[in-house]
Amino acid sequence: MITPTLPASPDVTESSDESLTNWALAARHGDSVAVDHLVRALHRDVLRYVSHLCADPQAVDDLAQDTFLRALGSLHRFEGRSSARTWLLSIARRAVIDSYRRAAVRPRLSDVQDWQLAVELAQPRGLPGFDDGVALLDLLAVLPDERREAFLLTQLLGLPYEEAAELSNCPVGTVRSRVARARATLVDLLADGGAPNSL
């Protein structure tokens with residue numbers, strides 16, 4: 001077990017990676033002074049990094065705070081294999097990515113008078129529509145449960161076959177076979193106009 005030793009002078013403006021890592025290891029063991037030194041020493045770096053990644057300057061402080069909340073919540077898992085600075089900046093990167101993901105699914109306000117027309121004009125062209133989605137769901141409903149699950153996990157959700165096998169509690173080869181059979185069944189159904197054949 002690594003016993004952290006804190007630097008004698010807590011100069012938070014120019015802290016070495018070694019002293020930051022020692023503070024993180026001490027904070028991991030419940031040292032509140034080390035937590036304070038760690039946050040003070042890395043706050044400016046996190047703000048700078050987040051502002052570089054984030055397009056919204058108003059969100060920088062919130063993302064930095066989210067970064068430190070995540071880091072303090074997972075400090076018990078920090079083992080010092082990388083420097084505390086690297087570890088914290090990787091958490092900051094994930095916080096920014098998560099904020100982009102949340103923003104992508106959040107509805108946006110529009111100051112356009114005819115918002116319905118604006119939404120219709122903003123829709124991508126040439127993509128499958130609602131009717132195609134309903135038809136796909138109808139076709140998938142015809143598949144046996146294990147084939148449908150394998151197809152959904154790998155083809156629609158994009159999971160690797162290994163993860164799909166782990167989730168399905170079966171070998172990877174079985175998942176590959178189920179996906180291949182599901183594809184063949186779907187192709188047959190589409191060729192026959194959606195009439196289910198023998199599965």
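Predicted model: local features only at pLDDT ≥ 70, side-chain atom pairs only at ≥ 80, totals over all residues.

Q: What share of the residues is buried?
A: Of the 199 residues in the protein chain, 29% are buried. As for the surface, the chain exposes about 13,300 Å², and carbon and sulfur atoms supply 54% of that area.

Q: What share of the contacts with a separation of 6 or more comes from residues 24 or more positions apart?
A: Among contacts in the protein chain with a separation of 6 or more, residues 24 or more positions apart account for 55%.

Q: At what angle do the axes of helix H2 and helix H4 cross?
A: The axes of H2, residues 32-53, and H4, residues 84-105, come within 10 Å and cross at roughly 40°. Because angles under 35 degrees count as roughly parallel and 65 to 115 as roughly perpendicular, H2 is therefore oblique to H4. The crossing of these two helices, H2 and H4, is right-handed.

Q: Which residues in H2 meet residues in H4?
A: From H2 come Leu-38, Leu-42, Asp-45, Val-46, Tyr-49, Val-50 and Leu-53, and the residues they meet in H4 are Ala-84, Arg-85, Leu-88, Leu-89, Ala-92, Arg-93, Val-96 and Tyr-100. Sorted by class, this contact of H2 with H4 has twelve nonpolar, three charged and no polar residues.

Key:
Residues numbered from 1 in each chain as written. Heavy atoms only, no water. Buried < 20%, exposed > 50% of the residue type's maximum accessible area, 1.4 Å probe, protein only. Contact = heavy atoms within 4.5 Å. Areas by Shrake-Rupley, 256 points an atom, 1.4 Å probe, with all protein chains shown as cover. Axes fitted to C-alpha atoms, helices over the stretch in contact; angles between N-to-C directions. Helix = DSSP H or I, 4+ residues; strand = E, 2+ residues; numbered from the N terminus. Parallel < 35°, antiparallel > 145°, perpendicular 65-115°, else oblique. Left-handed = near helix turned anticlockwise from the far one by under 90°. Nonpolar A, V, L, I, M, F, W, Y, C, P; charged D, E, K, R; others polar.
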